[in-house]
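Dear colleague,

Please find below the structure that I promised to pass on to you.

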Amino acid sequence: MTAAPGGLTHIGASGEAHMVDVSAKNDTVRVAVAEGFVRMNPGTLATIMAGNAKKGDVIGTARIAGIMAAKQTSNLIPLCHPLMLSKVTVDIAEDPALPGLRIEATVKLTGKTGVEMEALTAVSVTCLTIYDMAKAVDKTMEIGGIRVMEKSGGKSGDFRHPERS
């Protein structure tokens, strides 16, 4: 199948969706880093950081949820390839300036296709888990800023978001 005008690889020339055939691609080391945040009331942040949330360890639970989500990306997003990930890390940091938590996920493998969707999924589910575990205290929390910050490997080469320091 030929890609649609504009280079959308998951859309054929006549507009039908399909999974991209990556069988002819070479295996390369591929890494993607994504980020996001959960903005909340300062009191909510203090409760989470003190480990006093009624549902338990918000940060630890959210980290595990993000890692598990990265491994399930192909079950959630229809045209993603199932991947054998070699590394998933989810870092959650307090940011009093938000106020809230900043999340960064790094996903790595050696394979034929990139891991940007897995990194984005890890961040998204981490944020959702934080919201779920703290919503009894703060229903006004805001999830945002979810984006790819960098990626390496593959035919398209490396990418670094201009805001990445």
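This is a predicted model: local features need pLDDT of at least 70, side-chain atom pairs count only at pLDDT 80 or more; totals for chains, interfaces and linings use all residues.

Residues are numbered from 1 along each chain as its sequence is written, and side-chain values use heavy atoms, with hydrogens and water left out.

Asp 138 lies in the loop that runs between helix 4 (116-134) and strand 4 (142-152), where helices (H or I, at least four residues) and strands (E, at least two) are DSSP runs numbered from the N terminus. Asp 138 counts as buried because its relative accessibility is 2%, buried being under 20% relative accessible area, exposed over 50% and partly exposed in between (1.4 Å probe, protein chains only).

Although Asp 138 and Thr 44 are 94 residues apart in sequence, their C-alpha atoms are 6.5 Å apart in space. Leaving aside neighbours within four places in sequence, Asp 138 is in contact (heavy atoms within 4.5 Å) with Met 40, Asn 41 and Thr 44.

Helix 4 itself has 19 residues, and its buried residues include Leu 120, Val 123, Ile 130 and Met 133.

Ala 65, which is found in helix 2 (residues 58-71), counts as buried because its relative accessibility is 16%. Not counting residues up to four places away in sequence, Ala 65 touches Val 125 and Thr 129, and Thr 129 is also one of the buried residues of helix 4.

Conventions
The expected span of a helix is 1.5 Å times one less than its number of residues.
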